[in-house]
Amino acid sequence: MSEVLQDVRSETAEGVSHTEENHGPRVALDADAVRAAYRRWAGVYDAVFGGISAFGRKRAVAAVNRLPGSRVLEVGVGTGLALPHYTASKRITGIDLSSDMLARARERVRRDHLSNVDALLEMDAEETRFADDSFDIAVAMFVASVVPHPRKLLTELKRVVRPGGYILFVNHFLAPTGVRGVIERGMARASHSLGWHPDFAMEALLPPEDLARARIEPVPPAGLFTLVTLEHEVAVAEVLKRREKVVA
């Protein structure tokens, strides 16, 4: 997937920004650059990257299938590689920035007769057009380390997922200790050339209170990817605010 992200960075005129809480430098991704890069890669994406991401995608979908609730938002649906693996009881809405990727996802839906896919929409994951509490589950696959503002993504998913629902991420995260962590930190200087962020820390996505209660599972092979499951709890003050909005 690094070749795609490198294309994105060559397209964008944005400079280097910092993630929330200063968890390392990241290159801000311009939405138009993302669309341009994926337009070039859409035709070969499945063949080139499908195998690399297969373990993570299947593990994330299996987790979604076990959770209660039927309304599922898949963030970064791409060409729809994960869509055939959801159970029929899950009603799927997929979003992506790339219209070219979405066109291939729609073709997959038609070809495989995936009647449980309700919509595939071109939309920015950090600022969707969904109403509050629209979904029971949101799952973001290989998206957290690509968006310009990971915490903004998390905030938006919390808005559109109902209280008591679930938010899942599957992604590569920096190993906090050990040999892999040392190597990834050393590779961080080459992030721009690599086109991805080997030093993307989980703390850049999850604030301490969420990190403390999240379920974190390594994904084979070798734990390169990690599945994070977060039950969406809403503070009393936020519940009252939502009720006031309904009354108004």
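**Close-up views of a predicted model**

**View 1. Aspartate 210 and its contacts.** Beyond its neighbours within four places in sequence, aspartate 210 is in contact with Leu154, Lys158 and Leu230. The model shown here and in the other views is predicted. Aspartate 210 belongs to helix H8, which covers residues 208-213. With a relative accessible area of 2%, aspartate 210 is buried. The side chain of aspartate 210 makes a polar contact of 2.5 Å with the side chain of lysine 158.

**View 2. The seven-stranded sheet.** The sheet is open and its seven strands follow the order E5-E4-E3-E6-E7-E9-E8. Pairing within this sheet is mixed. Strand E5 (117-122) and strand E8 (215-219) are the edge strands, each pairing on one side only. From one strand to the next, the twist averages 15°.

**View 3. Strands E4 and E5 with helix H4.** Strand E4 (residues 91-96) pairs with E5 in the parallel sense, over five bridges. Within this pairing view, aspartate 96 stands opposite glutamate 122 of E5. Helix H4 packs on the sheet and touches E4 and E5. The direction of H4 makes about 165° with that of E5.

**View 4. Helix H5 on the sheet.** H5 also packs on the sheet, where it touches E3, E6, E7 and E9. The angle between the direction of H5 and that of E7 is about 145°.

**View 5. Arginine 106 in helix H4.** Arginine 106 is found in helix H4, which spans residues 99-111. Its relative accessibility of 34% makes arginine 106 partly exposed. Apart from neighbours within four places in sequence, arginine 106 is in contact with Leu120 and Leu121. Arginine 106 and leucine 120 are 14 residues apart along the chain, and their C-alpha atoms are separated by 7.1 Å.

**View 6. Strand E9 between E7 and E8.** In the order of the sheet, E9 stands between E7 and E8. E7 and E9 pair in the antiparallel sense over six bridges. The pairing of E8 with E9 is antiparallel and has five bridges. Leucine 227 in E9 stands opposite valine 170, and leucine 227 is also the bridge partner of glutamate 217. Because six of its seven residues are buried, E9 is largely enclosed by the rest of the structure.

**View 7. The largest nonpolar core.** This core has 28 residues, and those touching the most other members are Leu73, Val75, Leu153, Leu157, Phe169, Leu205 and Leu206. At least two residues of this core come from each of strand E3 (71-75), strand E6 (135-141), helix H5 (150-160), strand E7 (161-171) and strand E9 (225-231). H5 gives the largest share, four residues.

**View 8. Valine 75 and its surroundings.** Valine 75 is one of the core residues that touch the most other members. Leaving out neighbours within four places in sequence, valine 75 is in contact with Ile95, Ala125, Val139, Ala140, Met141, Val143, Leu153 and Leu157. Another core lies apart from the largest one and has 27 residues, including Ala105, Val139, Leu168 and Val219.

**View 9. Phenylalanine 130 and phenylalanine 135.** Two aromatic pairs are found in a search of the whole structure. One of them, formed by phenylalanine 130 and phenylalanine 135, is edge-to-face, with 5.0 Å centre to centre and 90° between the planes. Phenylalanine 130 has a relative accessibility of 14% and counts as buried. Phenylalanine 135 is also buried, at 5% relative accessibility.

**View 10. Phenylalanine 142 and phenylalanine 225.** These two residues form an edge-to-face aromatic pair, 5.0 Å centre to centre and with 70° between the planes. Phenylalanine 142 lies in the loop between E6 and H5, whereas phenylalanine 225 lies in strand E9, so the pair ties together parts that are 83 residues apart in sequence. Phenylalanine 142 is buried, with a relative accessible area of 9%. Phenylalanine 225 counts as buried at 11% relative accessibility.

How values were computed. Residues numbered from 1 in each chain as written. Predicted model: local features only at pLDDT ≥ 70, side-chain atom pairs only at ≥ 80, totals over all residues. Heavy atoms only, no water. Core = buried A, V, L, I, M, F, W, Y, C linked by side-chain atoms within 4.5 Å. Buried < 20%, exposed > 50% of the residue type's maximum accessible area, 1.4 Å probe, protein only. Contact = heavy atoms within 4.5 Å. Polar contact = N/O pair within 3.5 Å; in protein donor to acceptor, adjacent residues only side chain to side chain. Phe/Tyr/Trp six-rings, centres within 6.5 Å; stacked < 30°, edge-to-face > 60°. Pairing = 2+ DSSP bridges. Axes fitted to C-alpha atoms, helices over the stretch in contact; angles between N-to-C directions.
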